[in-house]
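Biologist: Let us go through this model together. I will ask what backs each label.

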Amino acid sequence: MPAPWRQLSEHCWLVPGGVNAVVLEHGSRAVIVDSGPDRDSGKRLLRGIRERGWHLETILTTHAHADHFGGHAEILRRADVSVLAPPVEAELMRAPVLEPIYLFHGASPLEELTGRFLQAEPSRVDRVVEAGPIELVGLQLELLALDGHAHRQLALRVDDVLVAADAVFASTVVRRHPLLFAHDVRAQRESAKRVGEDRARLAVPGHGEPDTPNELARATVDAIDAARQALGEVLGRRAARGLTTPEVLRDVSATLSAPSDDIPRWHLNHTTVSAYLAAMRVAGECDVRVEDGELRWWAR
Ligand SMILES: [Zn+2]
């Protein structure tokens, strides 16, 4: 049984799940923020809105990871709504095979990377939106740019709630997945800190329980810093020979107890480790070169 909806503020409802969705309501007009991973999550959201006598007008997408827009296609088959998304993410939603393709270095992806959590059904995008004020269903809202976990990620402020999606993670989630997926680690850390400084009373993470912005930001920044430290130590231990990216991944997974024990998880963690190594190189903490046919990283 899915958990019941919870009203977080005058206009904002949490629809808890493995991936949190949010519904905004104003004068019986409704907006969905993220639709969960699949047809079922989309169907349930639409049913919940209709059972309350509301009319769904808009779906806002925070970022184009399959588990956040996998329900869009089913909703679009059943309702006449407009879909909003950030730039670049919009392109991934229109061509969702790009997510497994980028996880597989641009090659035609392994079938294990094309399951519903990594490849959603395509979704139309009617309007590309950027950070700034926005009016939806008669509500004056604000979009915030919180890039880093994804290439172009948006959060939404409604009433005194910040719908932060995967810009921050609950501490319970961080304990299970200490290597948080990252596209750009420096931006991800800045975005999490920005959440922590936000004036909102409550923030809703993409996964786990809502909490104060400060608590969610702290758990996220701590996890990023711990991962970066672990990478530095792993590189430092093998300073003479250097390490390939998969070797760094193997050793960091062991240090953080963040197993890369199946094909999808290995590729997600490989991308994240690559994001850390790239950030550390920019910061002058490591070097990279190809030697004997292998890409190797050295601590500086
Ligand atoms: Zn995500």
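Biologist: Which residues does Tyr276 touch, not counting residues up to four places away in sequence?

Modeller: Tyr276 touches Ala182, Val185, Ala227, Arg228 and Leu231. Contact requires C-beta atoms, placed from the backbone, within 7 Å. This is a predicted model: local features need pLDDT of at least 70, side-chain atom pairs count only at pLDDT 80 or more, and totals for chains, interfaces and linings use all residues. Residues are numbered from 1 along each chain as its sequence is written.

Biologist: What makes the largest nonpolar core a core?

Modeller: A core joins buried Ala, Val, Leu, Ile, Met, Phe, Trp, Tyr and Cys residues through C-beta atoms within 7 Å. Buried means 20 or more other C-beta atoms within 10 Å of the residue's own. The largest such set has 86 residues, and Tyr276 and Val248 are among those with the most contacts inside it. Helix α8 (residues 213-237, a DSSP run of H or I, at least four residues) gives the most, with 10 residues.

Biologist: Why is this core said to lie between domain 1 and domain 2?

Modeller: Domain 1 (6-212) and domain 2 (224-299) both give residues to the core, so it lies between them. The bounds come from an automatic or database domain assignment.

Note on methods
A residue is buried if 20 or more other C-beta atoms lie within 10 Å of its own, exposed if 12 or fewer, and partly exposed in between; C-beta atoms are placed from the backbone. Helices (H or I, at least four residues) and strands (E, at least two) are DSSP runs, numbered from the N terminus. Two residues are in contact if their C-beta atoms, placed from the backbone, lie within 7 Å.
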